[in-house]
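I am opening a notebook on this structure. The entries below follow what I looked up, in order.

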Amino acid sequence: MLNHKIDFSVIITATNANPNGDPLNGNRPREAFDGCGEISDVCIKRKIRNRLQDMGEKIFVQSDDRCDDGLDSLHARASQNAALKTILNGKNTDRNEFAKAACAEWIDVRSFGQVFAFKGDTVSVGVRGPVSIQQAISVSPVDVISMQITKSVNGESGKDSKASDTMGMKHRVAFGLYVIHGSINCQLAEKTGFSDEDAQKIKEALCTLFENDASSARPEGSMEVCRVYWWEHDSKTPKISSAKIHRALQIELKDGISAPRGFDDYDISLAEIDGVKPEIIDLM
């Protein structure tokens with residue numbers, strides 16, 4: 001069982017890639033009002049789930065293209081689980097037993113939590129997970145480059161409106177250095193059964209976040225995990241807040257550089273905090 005709180009920060013870079021497209025903005029890379037790039041927490045959790053699945057762990061929220069059990073929906077996956085089926089077939093469904101069985105079966109449920117509320121079910125169950133992750137924000141504003149592309153072949157015969165010269169757009173970030181912050185809460189870990197071994201698996205997933213993640217929007221090598229900071233406290237509820245821990249990591253542009261093009265264009269420092277020292281995993 002996890003008996004100490006954990007905080008972590010991850011520095012990642014994107015070079016000529018679309019880290020996380022915004023479907024409400026033509027799939028352009030996400031940007032804040034100040035021009036800094038964003039990667040949603042949902043996107044980051046998706047990548048962690050994929051890495052855990054690659055590591056042989058059972059995942060409840062699977063991508064359709066990564067489905068490994070032949071089940072085409074979350075409802076089907078939950079209803080086909082023998083332990084959950086037994087609990088649901090009882091006269092009075094015990095929500096705590098249901099949550100306990102789901103957490104024991106799937107690592108992403110006991111890590112991030114899950115809402116089990118499906119049409120036709122007589123009961124809904126909510127699980128709060130101990131692993132919380134903030135959206136990633138780039139340190140500097142990002143330069144979004146848009147490129148017009150054309151199709152070289154018809155998708156279907158006899159469709160004049162979809163000729164081979166149909167236009168489209170492709171977007172990318174020239175370069176962005178993003179920071180992910182997160183924490184693992186012991187009190188919630190006790191409820192879901194999240195263990196120290198699970199925490200180590202999360203750390204391994206963060207270190208290899210972009211393995212098997214290549215696509216046309218993110219070519220192999222365009223997304224990189226540069227450094228992981230992993231703070232393990234000595235108690236379940238330390239006196240030092242997660243906000244203070246995360247603020248200890250300071251990243252600034254080096255003097256004379258206005259348009260960063262690489263990790264080395266930044267000065268990275270870490271303020272010392274009494275009572276806790278991070279494990280620093282340098283992956284460059």
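**Entry 1**

I began with K47, which counts as buried at 7% relative accessibility. For these notes, buried means under 20% relative accessible area, exposed means over 50%, and partly exposed lies in between (1.4 Å probe, protein chains only). The model is predicted, so I kept to its limits: local features need pLDDT of at least 70, side-chain atom pairs count only at pLDDT 80 or more, and totals for chains, interfaces and linings use all residues. Residues are numbered from 1 along each chain as its sequence is written, and side-chain values use heavy atoms, with hydrogens and water left out.

Which residue does K47 meet in a salt bridge? I found D213, at 2.9 Å from N to O. I count a salt bridge when a side-chain nitrogen of Lys or Arg is within 4 Å of a carboxyl oxygen of Asp or Glu. K47 sits in helix α1 and D213 in the loop between α7 (196–207) and β11 (223–232), so the pair ties together parts that are 166 residues apart in sequence. Helices (H or I, at least four residues) and strands (E, at least two) are DSSP runs, numbered from the N terminus. D213 is buried as well, at 13% relative accessibility.

**Entry 1: other salt bridges**

I looked up the total: the structure holds 16 salt bridges. One of them joins K45 to D41, with the closest N and O atoms 3.9 Å apart. Both residues lie in helix α1, 4 residues apart, about one turn of the helix. Is K45 buried or exposed? K45 counts as buried, at 17% relative accessibility. D41 counts as partly exposed, at 26%.

I then turned to R77. Its salt bridge is with D69, and the closest N and O atoms are 2.7 Å apart. R77 is buried, with a relative accessible area of 5%, whereas D69 is partly exposed at 34%. I also noted a network: salt bridges that share partners join K47, D213 and R218.

**Entry 2: aromatic rings**

How many aromatic pairs does the structure hold? The structure holds 5. Rings of Phe, Tyr and Trp (its six-membered ring) pair if their centres lie within 6.5 Å; planes under 30 degrees apart count as stacked, over 60 as edge-to-face and the rest as tilted.

F60 and W106 make a tilted pair, 4.7 Å centre to centre with 50 degrees between the planes. F60 is in the loop between α1 (41–54) and α2 (74–79), and W106 is in the loop between α4 and α5, so this pair ties together parts that are 46 residues apart in sequence. F60 is buried at 0% relative accessibility, and W106 is buried at 4%.

Y229 and W231 form a stacked pair, 6.1 Å centre to centre and 20 degrees between the planes. I checked their burial, and both are buried. One aromatic cluster is made up of F60, F98, W106 and F116.

**Entry 3: helix α4**

**Entry 4: cysteines**

I searched the whole structure for disulfides and found 0. A disulfide here is a pair of cysteine sulfur atoms within 2.5 Å. C103 is buried at 2% relative accessible area. C186 is in no disulfide, and C186 counts as buried at 0% relative accessibility.

**Entry 5: P141**

I finished with P141, in strand β8 (residues 136–141). P141 counts as exposed, at 53% relative accessibility. Not counting residues up to four places away in sequence, P141 touches D34, G35 and C36; contact means heavy atoms within 4.5 Å. I also checked P141 against V153: they are 12 residues apart in sequence and 37 Å apart in space, C-alpha to C-alpha.
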